[in-house]
Amino acid sequence: MNAARIALIAWTSSALACAPPATPDPSALEGLADRMAELGVPGVSVAVLVDGEIAWARGYGLADVESGRPVTPNTLFQAASISKPVAALAALRLVESGRVDLDGDVNAYLTSWRVPDNAFTEQGPVTLRGLLTHRAGLTVWGFPGYGPDEEAPDGPGVLDGRGNTDPVRVYKAPGESWQYSGGGYTVMQQLVADIHGKAFAAVMREEVLDPIGMSRSTYEQPIPPERQDDIATGYRSDGERVPGGWHTYPEQAAAGLWTTPSELALYAREVQRAWKGESTRVLGEALAREMLTPDEDDWGLGPAISEDGERFRHGGSNRGFRCTFAAYIDGDDGVFVMTNSDSGSELAAEIAITVAHAYGWSGPRAE
């Protein structure tokens with residue numbers, strides 16, 4: 001293990017020992033700063049959930065290198081693919097209300113766009129369950145987003161390939177096997193918007209974000225100027241700033257959430273409470289338990305499930321942003337890490353693992 005990794009463990013141990021009101025010893029903070037510099041990550045934000053409460057949340061480094069603006073616990077980052085398990089709650093609310101059959105043909109509910117029929121759909125329909133578990137047999141794994149000078153299509157435009165990705169189509173029998181598909185979540189996005197008759201970001205605000213208390217979070221794409229008071233700029237692996245600061249993602253359910261680690265912790269806490277039958281603000285106990293029951297590919301209805309079945313989790317990768325989270329299913333704990341660099345995945349994973357090690361949680365351990 002190199003010196004920077006050893007220093008990172010020392011930093012986390014110090015942070016935990018004196019969190020939340022005190023600041024870790026500056027010498028311990030050097031360990032994190034060294035590791036960030038080594039990997040080329042300008043900023044990182046961390047929140048830790050313990051016994052159902054946010055034990056501590058801190059920002060480190062710079063949200064914007066050019067201006068020297070620091071990361072704070074309130075700095076918004078792109079959640080990238082962590083958008084998916086949060087967005088899944090809106091679709092599952094439709095199931096719970098009886099408006100959508102989890103195993104029914106999604107074309108029965110889509111109105112502004114339909115999954116094109118082909119030889120594969122003759123073998124079985126595309127279902128909401130298939131979309132949420134990445135077993136719908138759909139193409140387009142991820143999305144590059146759109147820069148400041150690029151025109152972004154609407155949802156149906158994305159699905160029909162009128163943007164910078166191929167059209168979303170069924171390429172194998174639905175349910176046959178797992179294949180990660182952001183395209184599938186874009187179909188889900190359109191289904192939710194069609195049924196509600198509203199823009200997807202507005203549905204997420206009313207049905208999920210506000211009930212959970214995620215007041216700073218938004219699925220608006222592009223993010224409005226008035227929401228840019230404390231927002232992270234994305235950086236490439238070579239340290240270059242993403243043109244315009246960040247990309248726009250009309251694929252909102254798949255990649256469009258702006259949020260903070262603390263508000264992701266509120267999402268996880270709400271799911272944990274629903275699973276225990278302690279809250280019905282978003283989902284009831286039965287559907288929350290189904291949501292967190294792993295299939296043969298260790299996937300739930302939105303989040304991935306750890307191989308031992310103890311945690312629900314997800315990572316995220318947008319242009320200039322990398323993030324991760326893991327939270328206990330039958331518990332009250334979790335760790336949430338967001339960075340503003342293409343080089344942030346390794347740092348985010350190391351922080352998450354080191355936090356788990358320091359708290360004595362089960363799961364992966366530091367080397």
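User: In this predicted model, which residues of the largest nonpolar core touch the most other members?

Analyst: In soluble globular proteins, nonpolar side chains tend to be buried together. Here the largest nonpolar core holds 81 residues, and Met 188, Tyr 267 and Phe 312 touch the most other members. Helix 3 supplies the largest share of this core, nine residues. Apart from it lies another core of 20 residues, including Leu 32, Val 337, Ala 348 and Val 355.

User: Which residues does Tyr 267 touch, not counting residues up to four places away in sequence?

Analyst: With that exclusion, Tyr 267 touches Pro 85, Val 86, Leu 89, Ile 212, Met 214, Met 291, Phe 312 and Phe 325.

User: Where do the axes of helix 3 and helix 6 stand relative to each other, and at what angle do they cross?

Analyst: The axes of helix 3 and helix 6 (residues 182-196) come within 10 Å and cross at roughly 40 degrees. Helix 3 and helix 6 are therefore oblique to each other, and their crossing is left-handed. On the side of helix 3, the contact is made by Lys 84, Ala 87, Ala 88, Ala 90, Ala 91 and Leu 94. Helix 6 contributes Gly 182, Tyr 185, Met 188, Leu 191, Val 192, Ile 195 and His 196. These residues divide into 10 nonpolar, two polar and one charged.

User: Is Thr 165 buried or exposed?

Analyst: A residue counts as buried under 20% relative accessible area. Thr 165 has a relative accessible area of 14% and is therefore buried. Thr 165 is found in the loop between helix 5 (155-159) and helix 6.

User: Which residues is Thr 165 in contact with, leaving aside its neighbours within four places in sequence?

Analyst: Thr 165 is then in contact with Val 140, Gly 142, Phe 143 and Pro 144. As for Phe 325, 160 residues apart from Thr 165 along the chain, the C-alpha atoms of the two are separated by 27 Å.

Technical notes. Residues numbered from 1 in each chain as written. Predicted model: local features only at pLDDT ≥ 70, side-chain atom pairs only at ≥ 80, totals over all residues. Heavy atoms only, no water. Core = buried A, V, L, I, M, F, W, Y, C linked by side-chain atoms within 4.5 Å. Buried < 20%, exposed > 50% of the residue type's maximum accessible area, 1.4 Å probe, protein only. Helix = DSSP H or I, 4+ residues; strand = E, 2+ residues; numbered from the N terminus. Contact = heavy atoms within 4.5 Å. Axes fitted to C-alpha atoms, helices over the stretch in contact; angles between N-to-C directions. Parallel < 35°, antiparallel > 145°, perpendicular 65-115°, else oblique. Left-handed = near helix turned anticlockwise from the far one by under 90°. Nonpolar A, V, L, I, M, F, W, Y, C, P; charged D, E, K, R; others polar.
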